[in-house]
Amino acid sequence: MNILLFTLVLLLGAYLAGLAGSLTGLGGGVVIIPLLTLGFHVDIRYAIGAALVASIATSSGSASAYVKEGITNVRLGMFLEIATTAGAVMGAILAIYTPVNLVAILFGVMLIFSAAMTLRKKHEDALQEGSKLSYKLKLNGSYPTKEGEVSYKLKNIGGGFSIMTIAGVLSGLLGIGSGALKVLAMDTAMRVPFRVSTTTSNFMVGVTAAASAVVYLQRGYIDPGIAFPVIIGVLAGAFTGSKLLMRINVKSLKVIFSIAITLIAINMIYNGINHKF
Amino acid sequence: MEKNKKVTDYDMEQLIGQVLRYGVLTSGIIAIIGGIWYLIQSGSGIPNYTSFSGEPAGYTSLTGIIKGLAAGSAKEIIQLGVVILIATPILRIVFSLFSFILEKDRLYVVITLIVLLIIIFSMFGGLKV
């Protein structure tokens, strides 16, 4: 296979990754790593670099659409970014000492977790009484619905902050956005309503990925020959996805996608245990 | 006062949305230009990514990228697109910082500064081992 063919196939793969990522809310990164490592036998370090680029592309690409609706809680996102960016820097340092096979196994475990999280039902109702810290940090907010403005309050800020640190470490180590962990922290621990947690998590994914991307770029993980079809493909896919999202029911799609990534995850873990990376 | 705050928040969000859109668009266009140039030059070569070669390449540092750009090198043009893409979320933080300064929200000025410092630390903190 020559470079031209490699680029075209990767472009198509990245397009599908961006499309699936934006429709299911998992981001483009999770599909890019298995595609490159299992599909093209690319070294996992190049794949991590490409996934970071893909995460930023999906985040910034769809954030410009979300911002218009005005439901991102910027204060909440900013406060939690202390945890995720610090975690991401730690993860990028840890990556130097982590064997690539262990990275592959961790990635597989994270994929299965993400698949399970996609199918979980999320909180829609807003809490009426928040914790003390939520008032002090001005984290409570409101969002517009058809029935008017709905205000919500948050609880368990410390718990959410801790989970976010882990999300940051994993995203720095594996090159993914860890959107699933971010939603877990906001949805389950802090009780952020689903419409706010999805967009706020998306806002944070870009910033977290950028914090580790500046390190990985300097380490040579981001190769231009892989990066350019990934950027173009993922952006185009995410754009198509955000248009489609309003018209189709994603429920069955989520189930199919979750089964598919679970199978891929098992493959990654199997290969990791057998030292194939 | 409360109403006034809402207006600036909304305006700021619109501005941030624009910045993200243009950032992503610019990065995509530069990546396409560099990519086509790269394919013309070396499209018939064989991709070699099965083993990791890491750092020595010129596109792993900003000075390297600028040097490559001056020489019209395709890989560095693509990498400029990547750098712009990485810069968009960081720019978003900077804009939020200004917005919190305008609102005189001291707590969040500090919080935003901490986030920015962490990112700057990882940029220049000698993490390149």
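Helices here are DSSP runs of at least four residues, numbered from the N terminus. Keep that in mind as you work through this predicted model.

**Exercise 1. Follow helix H7 of chain A: what is its span, which residues are buried, and what comes next?**

Step 1. Start with the span. H7(A) covers residues 157-174, which makes 18 residues, and its first and last C-alpha atoms are 26 Å apart. At 1.5 Å a residue, 26 Å is expected, and the helix comes close to that.

Step 2. Now look for burial, where 20 or more other C-beta atoms must lie within 10 Å of a residue's own. Buried residues of H7(A) include Ile157(A), Gly160(A), Ile163(A) and Met164(A). Further along, Ala167(A), Gly168(A), Val169(A), Leu170(A), Ser171(A), Gly172(A), Leu173(A) and Leu174(A) are buried too.

Step 3. Step past the end of the helix. Gly175(A) follows H7(A), and its phi is positive, near 80 degrees.

**Exercise 2. How do strands E1 and E2 of chain A run, and how are they joined?**

Step 1. Find E1(A) at residues 141-145 and E2(A) at residues 148-152. They run antiparallel, with five bridges between them.

Step 2. Pick one bridge: Tyr143(A) has Val150(A) in E2(A) as its partner.

Step 3. Trace the chain between the strands, and you will find a hairpin of two residues.

**Exercise 3. Which helix gives the largest share of the side of chain A that touches chain B?**

Step 1. Count the contacts: 54 residues of chain A meet 57 residues of chain B.

Step 2. List the elements giving two or more residues to this side of chain A: H1, H3, H4, H9 and H10.

Step 3. The largest share comes from H4(A), with 12 residues.

Step 4. Sort the residues on this side of chain A: 35 are nonpolar, 13 polar and six charged.

Note on methods. Residues numbered from 1 in each chain as written. Chains lettered and ligands numbered in written order. Predicted model: local features only at pLDDT ≥ 70, side-chain atom pairs only at ≥ 80, totals over all residues. Pairing = 2+ DSSP bridges. Contact = placed C-beta atoms within 7 Å. Nonpolar A, V, L, I, M, F, W, Y, C, P; charged D, E, K, R; others polar. Expected span 1.5 Å × (residues − 1). Buried ≥ 20, exposed ≤ 12 C-beta atoms within 10 Å, placed from the backbone.
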